[in-house]
Amino acid sequence: TTKILTAMVVLDNLSLNQVVRVSGAVEGVQPSKIHLRGGERFYVRDLVKALLINSANDAAVALAIATAGSQTAFASMMNQKARSIGATNSRFVHPAGLPASGQYSTAYDLARIMMAASRYPYIVQALKIREAVIQSLGGRRVFLRNHNKMLWRARSVIGKTGWTRNAKHCFAGRVQSQDRVIFV
């Protein structure tokens, strides 16, 4: 669910058509990942899709480094963005939301983050995609499959699922019911 905030920070700073050269630092990132390789080149739009559809931790790290130069500098940007949208009871350390000392959030803050993300058309569009294929500029094709099973059941629900050992199953999203929109 942290990846929603990551996507917002990336889109605030990089163009969708910008090319990212993947840092070798992504190769040791824990799954879920799309097995990016150092030196590969992708469009920002495709790495954001991998981030939001496939929950690719390596895409999160690649985008963070491309945006801020380091994961630490990117985490600072994430925290600044979170505060600016009213998510004041969170602290982010890792762009993918992987467990890290000092990283935490609340359900309320994640709902605030999702509310803010719904003002980003590209994020909303990506969160609705069940499956997609992206391609590196070198021609390597990567199949993406969304982990959010609600997309197969209810088109009125969009959002991002997540899982860690400590938090277990998580969800941040938007539910539309007739004339009401609810952020959870």
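This is a predicted model: local features need pLDDT of at least 70, side-chain atom pairs count only at pLDDT 80 or more; totals for chains, interfaces and linings use all residues.
Residues are numbered from 1 along each chain as its sequence is written, and side-chain values rest on heavy atoms, with hydrogens and water left out.

Ser55 is located in the loop between α2 (44-53) and α3 (57-68), where helices are DSSP runs of H or I with at least four residues, numbered from the N terminus. Ser55 counts as buried because its relative accessibility is 9%; buried denotes under 20% relative accessible area, with a 1.4 Å probe and protein chains only. Asn57, placed in helix α3, is likewise classed as buried, because its relative accessibility is 3%.

The side chain of Lys3 makes a polar contact with the side chain of Ser55 at 3.0 Å and with that of Asn57 at 2.7 Å. A polar contact is a pair of N or O atoms within 3.5 Å; within protein, one must be able to donate a hydrogen and the other to accept it, and residues adjacent in sequence count only if both atoms are side-chain atoms. Neighbours within four places in sequence aside, the contacts (heavy atoms within 4.5 Å) of Ser55 include Ala50, His147 and Lys160, and those of Asn57 include Val29, Ala96 and Leu98.

Arg45 lies over the face of Tyr43, 4.1 Å from the ring centre; the criterion is CZ of Arg, or NZ of Lys, within 6 Å of the ring centre and within 35 degrees of the ring normal.

Notes: Helices (H or I, at least four residues) and strands (E, at least two) are DSSP runs, numbered from the N terminus. Buried means under 20% relative accessible area, exposed over 50%, partly exposed in between (1.4 Å probe, protein chains only).
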